[in-house]
Amino acid sequence: MNVPAIALAGLGEIGLGAHLPALLRNPGVRLAAVVDPDPARRALAAEHTGAPAFDSIGEVLADPAIDAVVLATPPWVTPNLVGRVAATGRFVLAEKPIAVSSSAAAPLAKLPAGQRKRVQVGLTYRHDPALEVLRDWIVSGRLGDGLLVRAHIYDERRAPDAPEHERRIEATLAHGMPVVHEGAHVFDWFATLFGGPPERLEDSWALATRPDLPSANLCGARLTYPGGVTVLAEFGWLTDALPRCEISVVGDRGHAELDGFTFDLRLTTAAGVERVAFDEDRTTRCFDLQLTRFIELISGARAVPSPGLADGLAALEISERVAVLAAWSLA
């Protein structure tokens, strides 16, 4: 097969900062076009690539030479774009979350099987080798039994020197609490680590640190996963200082810690301390691995997307349940 021609739609922070560099690094693809309604973003992309730039995806879909589209778009517009691209028979890599609600994602659940098999969901950090190491520690019993997981997912610090970023995050809050946007990753990790989705959502909470925010910027939940694993998850945005972003798993035989930004690991047992680190930064290695698997899907080397629509919809459904219950706690 010829090198696949891929278009990138969405030139925001994740598009320019992660997807575009991955596409340019990989010799197994050709960047055929970039798409964004903002002329300034198109001009910024032009500094890094000679690919033609368009203001709408319709112009890309009119080009029969383009094999696939990466959608680095806001989740409130992604569902419609996934449907439009998939309907043309092209492959799609869609950023997480796949939508901001299950109702908004409902049309995706109804896509024909042939189209669903062409849609990969950007649960990017599932590809990180750190998760394989952590799962091996859990499955092999190195942590023991009675696992308690504490996930502190704090990101998007409010910075006085970055007012545009703050405005963008506040606008994103208008489409749901941080759990709606960050939970897609985190609940997918837990399903991978513990062998399936949560068996129960025990309780949930939310807190707005400012009354003018469109929704609560701090929230959390307690969930029970297969095997009786208890998960305490917190999500937070938009404070001047942020707690450490990490996932901790403690059992009666050991304690594992995963750094939320580097994915470096530390295991403490009676035998001592074991550390696992990786050469490349987390974003580089995960977006490269994700793109490689997308190329395998396009070429036919991979029969089904991993992760696929079912994974993206499952993570969204749990995130939404947490957000709804948390909203009730504020009433």
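In which loop is the place of Pro 97? In this predicted model, Pro 97 sits in the loop that lies between strand β5 and helix α5, the latter covering residues 102-109. The peptide bond that joins Lys 96 to Pro 97 is cis, with an omega of about -20 degrees.

Strand β5 consists of residues 91-95, and because 5 of its 5 residues are buried, the strand is largely enclosed by the rest of the structure. A residue counts as buried here when its relative accessible area is under 20%. The covering applies to both faces of β5, for Phe 91, Leu 93 and Glu 95 are buried on one side, while Val 92 and Ala 94 are buried on the other.

Which strands pair with β5, and in which sense? One partner is strand β4, residues 68-71, which pairs with β5 in the parallel sense over 4 bridges. Within this pairing, Phe 91 of β5 has Ala 68 standing opposite. Another partner is strand β6, residues 119-122, which runs parallel to β5 and is joined to it by 4 bridges. Here Glu 95 has Gly 122 of β6 standing opposite.

Pro 307 has its place in the loop between helix α10, residues 282-299, and helix α11, residues 309-330.

Glu 156, in the loop between β7 (148-154) and α8 (163-173), has a phi near 60 degrees, which is a positive value in a residue other than glycine. Is Glu 156 buried or exposed? Its relative accessibility is 17%, and Glu 156 therefore counts as buried, given that the cut-off for this class is under 20%.

Phe 263 likewise has a positive phi, of about 65 degrees, although it is not a glycine. The loop that holds Phe 263 lies between β12, residues 254-259, and β13, residues 265-269. Because its relative accessibility is 0%, Phe 263 also counts as buried.

Key:
Residues numbered from 1 in each chain as written. Predicted model: local features only at pLDDT ≥ 70, side-chain atom pairs only at ≥ 80, totals over all residues. Heavy atoms only, no water. Buried < 20%, exposed > 50% of the residue type's maximum accessible area, 1.4 Å probe, protein only. Helix = DSSP H or I, 4+ residues; strand = E, 2+ residues; numbered from the N terminus. Pairing = 2+ DSSP bridges.
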